[in-house]
Amino acid sequence: MIVTINGAAHEVADGITVAQAVRTLTAATTGVAVAVNDEVVTRSSWETTVLGDSDRVEVLTAVQGG
């Protein structure tokens, strides 16, 4: 199935979770926020939130700097 992650189309396996999708983009374990179809997904729900075909995922990582 195809999902859009940070504006780019990705072919992913059926049943992929938010947690699995995040791991494909970043190894960061903190400072990461995720929204699916414009709804924030809490970190405690990442492992159980399954993505569907055509879902839009935004993965944001905090960056230090000044």
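Reply: What follows goes from that strand to its neighbours and then to the charged pairs.

This is a predicted model, so local features need pLDDT of at least 70, side-chain atom pairs count only at pLDDT 80 or more, and totals for chains, interfaces and linings use all residues. Residues are numbered from 1 along each chain as its sequence is written, and side-chain values use heavy atoms, with hydrogens and water left out.

Start with strand 1, residues 2–5. Strands here are DSSP runs of E, at least two residues, and helices are runs of H or I, at least four, both numbered from the N terminus. The side chains of strand 1 alternate. Val3 and Ile5 point to one face and are buried. Buried means under 20% relative accessible area, exposed over 50%, and partly exposed in between (1.4 Å probe, protein chains only). In a regular strand, side chains alternate between the two faces of the sheet.

Now the partners. Two strands pair if DSSP finds at least two bridges between them. Strand 1 runs antiparallel to strand 2, with four bridges joining them. Two residues separate the strands in this hairpin, and asparagine 6 takes a positive phi near 50 degrees. Strand 1 also pairs with strand 5 (residues 56–61), in the parallel sense, over two bridges. Isoleucine 5 has a place in both pairings: it stands opposite alanine 8 in strand 2, and its bridge partner in strand 5 is valine 57.

Valine 12 counts as buried because its relative accessible area is 14%. It touches Met1 and Val3, not counting residues up to four places away in sequence; contact means heavy atoms within 4.5 Å. The C-alpha atoms of valine 12 and isoleucine 2 are separated by 6.2 Å, at 10 residues apart along the chain.

Last, the salt bridges. A salt bridge is a side-chain nitrogen of Lys or Arg within 4 Å of a carboxyl oxygen of Asp or Glu. The count is two. One joins aspartate 38 to arginine 56, with the closest N and O atoms 2.8 Å apart. That pair links the loop between strand 3 (32–36) and strand 4, where aspartate 38 lies, to strand 5, which holds arginine 56. Aspartate 38 is exposed, at 65% relative accessibility. Arginine 56 is partly exposed, at 40%. Glutamate 47 and arginine 23 form a salt bridge too, at 3.5 Å between the closest N and O atoms.
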